[in-house]
Amino acid sequence: MAPRTLSEKIWDAHQVVAGGDGPELLYVDLHLVHEVTSPQAFDGLRLAGRGVRRPELTVATEDHNVPTEATDQPIADPISRRQVEVLRENTTAFNITEFPMRHPDQGIVHVIGPELGLTLPGMTIVCGDSHTSTHGAFGALAFGIGTSEVEHVLATQTLHQQVPDTMAVNVDGALPPGVTAKDIILAIIGLIGTGGGIGSIIEYRGEAIRALSMEGRMTVCNMSIEAGAKAGLIAPDDTTFAYLEGRRHAPSGAAWSEALDYWRSLPTDEGATFTREVHLDAAALVPHVSWGTNPSQVAPITAAVPDPDTLADAGARDAAQRALDYMGLTAGTPIRDIPVDTVFIGSCTNSRIEDLRAAARVAEGRTVRSGMRAMVVPGSWAVRNQAEAEGLDKVFTAAGFDWREPGCSMCLAMNPDKLAPGERSASTSNRNFEGRQGRGGRTHLVSPEVAAATAIAGTFATPTDLD
Amino acid sequence: MEPVTTITGTAVPLDRSDVDTDQIIPSDWLKRVERTGFGKGLFSEWRDDPEFVLNLPQFGGASVLVAGTNFGTGSSREHAVWAIMDFGFKAVVSSRFADIFRNNSTKNGLVPVQVPDEVADALLRAVEADPSLEITIDVSERTVSAPAAGIHSAFELDDATRERFLLGLDDIGLTLEHADAIDTFEANRPAWMPSIPR
Ligand code: SF4
């Protein structure tokens with residue numbers, strides 16, 4: 001057989017009906033559901049008199065709307081509360097496992113899948129959420145879908161998909177100390193642009209990727225969609241297997257050995273070709289901060305806010321000028337001089353235990369700048385409980401951070417955690433779009449280390465700036 | 001979905017690139033559990049500005065949205081497509097669409113008219129210059145034209161999707177015709193795959 005890439009192998013293994021020129025019919029191994037993008041899909045099923053084909057391959061959680069405090073009380077916002085209730089009703093009616101608020105398995109959909117061992121190499125995973133790409137860190141082909149597609153998967157356990165292109169992003173060399181997975185992916189998006197991956201599955205390769213923990217790999221794959229990619233993938237290896245072994249839904253005994261044999265056959269074959277290849281030198285990276293209103297508008301923390309006039313492309317120039325106006329920034333201002341009033345550590349990009357440990361190391365024995373609102377929102381109850389077992393909550397609260405309950409929170413401001421107009425955040429989330437964290441709010445994307453250091457310094461800072 | 005064959009009407013020029021779905025429909029609107037009524041939320045934050053193109057009377061009643069490149073990036077929210085259609089648009093023209101937005105459009109009968117950069121740009125300028133310019137999108141022929149501005153171009157649409165547009169076919173119904181193939185596939189799935197019975 002001709003050499004194939006990782007994504008081609010998974011794709012081929014899930015083809016139910018070939019598509020010729022058009023979309024192919026793919027089988028879906030795991031369907032993750034949350035309250036925001038599913039109500040209209042369940043309605044559609046009811047309207048057509050259809051059922052859910054494989055409820056046992058479907059799992060639902062509450063994350064986008066949930067408050068991050070007083071979750072033992074009903075949700076105060078009646079519309080949010082209704083949406084969550086509708087999810088409970090729908091999953092009961094269609095016999096689907098659902099994790100309600102405060103359930104020990106509840107959390108952000110892309111945090112709980114891997115935690116529970118539901119995300120395994122070689123699977124196809126979909127969810128009505130664009131950051132489904134996160135699960136690609138395990139060598140699973142995982143991508144976001146819309147509500148009509150959610151309905152299609154519920155009814156058929158399959159999906160029509162156009163065969164994507166393949167793209168390799170090689171991150172060569174070793175990361176310098178203090179530079180993180182978040183900086184890798186921000187630099188990649190800065191390099192290839194928000195449309196750079198459209199129509200493609202990106203496979204991240206190279207020494208710096210291999211050296212990342214599973215948490216770091218999830219951070220990288222999570223933001224594949226910010227480069228427009230359909231999915232991100234990292235070949236499974238011993239780091240992957242060590243993370244998975246013993247997790248609740250991961251195979252065990254003979255099934256583990258069988259699965260392991262298969263997983264070891266998945267990495268891209270020697271001689272396989274990608275539609276496009278890009279290289280990035282990890283050794284040259286520094287922590288990154290976004291300055292604009294899309295995730296490709298990023299700069300090293302050592303740089304200054306760019307001058308739109310220096311951009312060659314007229315469209316990019318206009319977009320940069322509009323972004324600076326919205327962000328209330330002046331070209332030429334050193335990034336380290338920009339004052340910040342809110343720090344958000346959380347979201348499916350950076351709310352896992354490793355992220356919290358990294359932020360806590362920076363916070364330990366220090367104090368959040370006076371006037372700064374700094375919040376830490378773990379990605380799930382499992383992460384929160386683990387962090388508390390390690391005493392991280394104490395470190396955060398002693399430093400003046402607010403220790404919250406899990407959910408999407410200020411990543412998209414569907415719950416009460418919002419920026420006020422004109423407020424400026426250093427956020428470990430994935431989108432700096434206008435209004436993403438609250439109408440008129442100004443978001444800068446950073447790593448957990450930079451977020452924690454910024455909370456202490458009051459302006460953008462790295463941990464070493466605090467010494 | 002209703003059949004879509006030809007769309008003829010005027011257009012709104014939205015001269016911005018990388019228009020993300022958070023702008024198309026902000027997250028406040030996502031709490032609704034219905035599929036209708038999202039038109040009021042379309043670009044709601046940008047519409048606070050009276051000069052925003054969607055607020056200009058000369059572009060009222062348009063059925064085509066002409067936008068910059070990388071349209072519909074970001075969140076998978078299908079609410080973006082529902083909002084665009086509820087507002088009255090039947091097609092969006094851009095030189096590039098984000099994958100999920102494109103899929104969502106085709107499931108709802110909103111035509112994603114993907115044309116080369118020069119064509120998208122020419123169309124934007126032509127509509128800006130003449131808000132009454134009539135544009136025709138022919139799904140069967142896969143062409144977009146504005147004869148008064150001398151613009152005529154093919155656009156990409158795969159055969160299966162074109163067929164679904166023309167006949168207004170139900171996607172799920174079509175797939176269920178392959179029920180045997182799905183059964184066969186399922187019978188051969190590896191045993192180590194997770195299963196989560198309620
Ligand atoms: S944390 Fe943010 S990006 Fe992730 S699923 Fe929630 S809202 Fe979406």
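How many salt bridges does the rule find over all chains? In this predicted model, the count comes to 43 salt bridges over all chains, and across the interface of chain A and chain B the rule finds 10.

The contact between the two chains draws on 86 residues of chain A and 60 residues of chain B, and the area buried between them is about 5,800 Å², with carbon and sulfur atoms giving 54%. A:Gln40, A:Ile198 and A:Arg439 supply 11% of the area that chain A buries against chain B, more than any other three residues. Of these, A:Arg439 also forms a salt bridge with B:Glu45, in which the closest N and O atoms are 3.7 Å apart.

A salt bridge with closest N and O atoms 3.1 Å apart is formed by A:Arg54 and B:Glu186, and it crosses between chains, from the loop between helix 2 and strand 4 of chain A to helix 7 of chain B.

A:Asp77 pairs in a salt bridge with B:Lys31, at 2.7 Å between the closest N and O atoms; because A:Asp77 lies in the loop between strand 4 and helix 3 of chain A and B:Lys31 in the loop between helix 1 and strand 3 of chain B, the pair joins two chains. A:Asp77 is partly exposed, at 26% relative accessibility, whereas B:Lys31, at 11%, counts as buried.

Within chain B, the side chains of B:Asp22 and B:Arg77 meet in a salt bridge at 3.3 Å, N to O, linking parts of the chain that are 55 residues apart. B:Asp22 is buried, with a relative accessible area of 5%, and B:Arg77 counts as buried at 2% relative accessibility.

Methods. Residues numbered from 1 in each chain as written. Chains lettered and ligands numbered in written order. Predicted model: local features only at pLDDT ≥ 70, side-chain atom pairs only at ≥ 80, totals over all residues. Heavy atoms only, no water. Contact = heavy atoms within 4.5 Å. Buried area = accessible area lost by both parts, 1.4 Å probe. Salt bridge = Lys/Arg side-chain N within 4 Å of Asp/Glu carboxyl O. Helix = DSSP H or I, 4+ residues; strand = E, 2+ residues; numbered from the N terminus. Buried < 20%, exposed > 50% of the residue type's maximum accessible area, 1.4 Å probe, protein only.
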